[in-house]
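Let's take a walk through this protein together, one region at a time. Please keep the sequence and the 3D view open as you read.

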Amino acid sequence: LRGFYKYYCDKLQLIADNPTKSLDIPKAKQELPKFLTLQESLDLLNSIDGPNRERDYCIITLFLNCGMRVSELVGINLQDISDDRLRLLGKGNKERMVYLNQACIDAIQAYLPHRNPPKAGHKNALFISRLGQRINVQTVKALVKKYLGVAGLSQKHCSVHKLRHTAATLMYQNGVDVRTLKEVLGH
């Protein structure tokens with residue numbers, strides 16, 4: 001309505017004064033981000049099975065514990081892992097370090113012996129597809145969606161990005177302060 005009267009007044013000049021000029025626009029209700037509870041996160045991890053079990057378990061463990069973006073996960077190289085730290089390349093080519101907890105370290109160590117043989121040009125990639133190439137974003141999204149369905153969580157309309165919200169929420173609920181959380185998430 002405001003746009004209509006603005007056009008009528010300013011462009012067409014059919015009326016002199018815009019009667020909607022002083023109207024306030026109601027603020028849109030902003031929903032809180034959706035996330036999984038701790039029990040739902042455990043159910044998701046326990047639902048992982050199949051020929052790529054170790055890889056998929058490692059991927060979801062990193063999402064739930066580090067709060068990384070899917071693009072950051074697929075970009076991880078073997079040399080980015082250093083003891084209990086992981087170097088991530090985020091939005092705008094910003095580099096940040098995240099600390100790995102014992103669950104992440106164990107998942108990576110369990111995955112590495114089962115890592116698919118990489119093709120030339122993909123030897124540095126941490127996560128390798130069945131074709132021997134760096135795993136891609138669509139594959140990661142599909143496997144997360146698959147395991148959310150297996151765990152009975154598909155009705156929560158979760159996605160890879162919701163796992164990032166889950167990581168942030170669980171960290172906050174367990175005493176991580178907001179400034180540290182901001183750095184961990186790369187904001």
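A word on the ground rules comes before the tour. This is a predicted model, in which local features need pLDDT of at least 70 and side-chain atom pairs count only at pLDDT 80 or more, while totals for chains, interfaces and linings use all residues. Residues are numbered from 1 along each chain as its sequence is written, and side-chain values use heavy atoms, with hydrogens and water left out.

Let's begin at helix α8, which spans residues 178–185. Helices here are DSSP runs of H or I with at least four residues, strands are runs of E with at least two, and both are numbered from the N terminus. Which residues of α8 are buried? They are Leu181, Val184 and Leu185, where buried means under 20% relative accessible area, exposed means over 50%, and partly exposed lies in between, with a 1.4 Å probe and protein chains only. These three cover an arc of only 90 degrees around the axis, so they sit on the same side of α8; the arc is taken from the directions that run from the helix axis to the C-beta atoms. The buried residues of α8 pack against α3 (53–66), β3 (95–99) and α7 (160–173), with contact meaning heavy atoms within 4.5 Å. Just after α8 comes Gly186, which takes a positive phi of about 80 degrees.

On a 1 Å grid over the protein atoms alone, a pocket is an open set of points with protein on both sides within 12 Å along at least five of seven lines, whereas a cavity is a set where a 1.4 Å probe fits but cannot get out; lining residues have an atom within 4 Å of a point. The largest pocket has a volume of about 410 Å³, a volume being the space filled by probe spheres set on grid points that are joined across faces, edges and corners. It is lined by 14 residues, and Pro33, His165, Ala168, Thr169 and Leu181 are the closest to its centre. Both α7 and α8 supply at least two residues of this lining, and α7 gives the largest share, with 6 residues. By class, the lining of the largest pocket has 8 nonpolar, 4 polar and 2 charged residues. In this scheme Ala, Val, Leu, Ile, Met, Phe, Trp, Tyr, Cys and Pro are nonpolar, Asp, Glu, Lys and Arg are charged, and the others, Gly among them, are polar.

The second largest pocket holds about 250 Å³ of space. Of its 14 lining residues, Leu38, Leu64, Asn65, Asn101 and Leu170 are the closest to its centre. Here α2 (38–46), α3 and α7 each supply at least two residues. The lining of the second largest pocket divides into 9 nonpolar, 5 polar and no charged residues.

Now for the charged pairs. A salt bridge is a side-chain nitrogen of Lys or Arg within 4 Å of a carboxyl oxygen of Asp or Glu, and by this rule the count comes to 6. One of them joins Lys6 and Asp10, at 3.7 Å from N to O. Lys6 and Asp10 are 4 residues apart in helix α1 (residues 2–11), which means that about one helical turn separates them. Asp80 is buried, at 5% relative accessible area, while Glu95 is exposed, at 54%. Elsewhere, salt bridges that share partners join Arg69, Glu72 and Arg96 into one network.

Our last stop is the loop between α5 (102–111) and α6 (137–150), where Ser129 is found. Is Ser129 buried or exposed? At 13% relative accessibility, Ser129 counts as buried. Leaving aside neighbours within four places in sequence, Ser129 is in contact with Arg55, Asn116 and Ile135. Lys119 lies in the loop between α5 and α6 too, but counts as partly exposed at 47%. The C-alpha atoms of Lys119 and Gly132 are separated by 5.0 Å, although these residues are 13 apart along the chain.
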